Amino acid sequence: MVNGNERVNGNAAERAAELVQDPALEARSKALFDASVAALDGSTRSRLNQARHAALKQAQQRPRTVWWMPALASAALAMLVALILPRMQPQQQPLDASSNTAEEVSLAAADDLTLLMNDENLDLLEEMEFYTWLAESDAFESPAQPGPTES
Amino acid sequence: MRDVLPLPFATLTTDCAQAQLHTAVEQCREGLVLERKGELERFLASVEQRAFRIARITLRDDDDALDAVQDSMLKLARRYGNHPSDEWRPLFYRILQNRVRDFQRRRQVRNRIFAWLPGLGQGEEPGPEIQDITPAPGSGTVDQLMASQAVAILETAVRELPLRQQQAFMLRNFEGMDVAQTANAMGCSEGSVKTHYSRAVHTLRARLGEAW
């Protein structure tokens with residue numbers, strides 16, 4: 001719980017922060033940024049335009065969730081682990097012998113694999129579902145057959 | 001004559017009225033949906049170029065920046081398209097910041113994996129910002145060249161700011177968001193925004209020098 005003195009010090013810090021101003025730097029930075037936006041080439045503007053239309057179109061379509069996709073994603077990650085693990089053995093040459101021991105390299109590698117396999121990569125799994133649905137849509141798409149519909 | 005009618009006239013009238021009312025409600029709803037979609041599209045068109053430049057400063061790659069912007073547009077439209085339109089701007093930039101960080105994390109992990117697996121090629125690190133210094137063809141004026149160089153210097157300095165200072169500065173100065181909107185986009189208090197922003201200005205001044 002914040003006591004009275006801490007609250008006063010916090011408010012004083014905020015007031016002090018408001019007083020720190022540099023109008024010249026702020027104005028010039030803003031002007032340079034605006035100029036860089038105005039200077040965007042036609043190709044980039046066109047790609048942004050296409051990206052906006054594609055995003056709005058995709059937003060109206062919901063990717064079909066396939067029940068086996070999470071299992072497939074887990075299997076793919078397990079294969080990646082199996083591929084990388086043999087290279088994490090202590091007898092492997094460390095990346096930088098002058099500063100990293102083999103154990104440190106293995107620990108860093110384990111941390112990175114944890115990063116790949118943790119829940120934060122749900123977006124990656126969602127993207128894999130979307131691209132699988134997209135591939136299935138391309139496979140079904142033909143003049144005589146309608147595309148797959150959401151079940 | 002009433003005994004000859006196949007259906008009670010009153011019931012038939014009620015059913016017709018209900019059907020017409022249902023149709024009218026559906027048409028009204030479709031109209032609102034289309035109007036909402038148009039409003040969302042206009043909003044995205046108004047922010048896409050600045051959002052691209054902001055993402056480009058951090059990611060240093062056109063393709064990654066475009067992907068980050070498109071992903072953010074998609075997420076905003078899917079999840080927050082029904083929110084009040086005055087909430088879209090801070091929401092969009094919060095989503096964009098998260099996507100930019102996702103790209104940076106994946107790039108770091110990818111680089112480490114490629115370092116373990118020789119023969120698959122090294123991870124791609126964006127090269128030096130030569131394209132930001134070299135003037136576009138046909139624009140050979142000295143002023144334009146100096147402006148291009150100034151932009152490159154500013155972007156490098158902003159990119160090297162601590163994360164929260166960088167976010168506060170780009171949202172407040174580049175995008176022009178007020179303190180409340182910036183706090184919403186950064187997921188912090190307004191006081192924190194002011195502190196991060198003032199520190200960013202102080203750091204940039206120290207780095208860019210008094211002549212800037």
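These questions and answers look at salt bridges in a predicted model.

Me: How many salt bridges are there over all chains?
Reply: A salt bridge needs a side-chain nitrogen of Lys or Arg within 4 Å of a carboxyl oxygen of Asp or Glu. By this rule, the count over all chains is 15.

Me: Which residue of chain A forms a salt bridge with D63(B)?
Reply: D63(B) lies in helix α2 of chain B, and its partner lies in helix α3 of chain A, so the pair joins two chains. The closest N and O atoms are 2.7 Å apart. The partner is R47(A).

Me: Is R56(B) buried or partly exposed?
Reply: R56(B) meets D62(B) in a salt bridge, at 2.4 Å from N to O. D62(B) has 32% relative accessibility, so D62(B) counts as partly exposed. Buried means under 20% relative accessible area. R56(B) has 6%, so R56(B) counts as buried.

Me: How many residues apart are E160(B) and R207(B)?
Reply: Their side chains meet in a salt bridge, 2.7 Å from N to O. E160(B) sits in the loop between α5 and α6 of chain B, while R207(B) sits in helix α8. The pair links distant parts of the chain, and the separation is 47 residues.

Me: What is the relative accessible area of R207(B)?
Reply: Partly exposed residues fall between the buried cut-off of 20% and the exposed cut-off of 50%. R207(B) is partly exposed. Its value is 49%.

Me: Which residues are linked with D71(B) in a network of salt bridges?
Reply: The network includes D71(B) and D102(B). Two arginines also belong to the network. The residues linked with D71(B) are R99(B), D102(B) and R105(B).

Technical notes
Residues are numbered from 1 along each chain as its sequence is written. Chains are lettered from A and ligands numbered from 1 in the order in which they are written. This is a predicted model: local features need pLDDT of at least 70, side-chain atom pairs count only at pLDDT 80 or more; totals for chains, interfaces and linings use all residues. Side-chain values use heavy atoms; hydrogens and water are left out. Helices (H or I, at least four residues) and strands (E, at least two) are DSSP runs, numbered from the N terminus. Buried means under 20% relative accessible area, exposed over 50%, partly exposed in between (1.4 Å probe, protein chains only).
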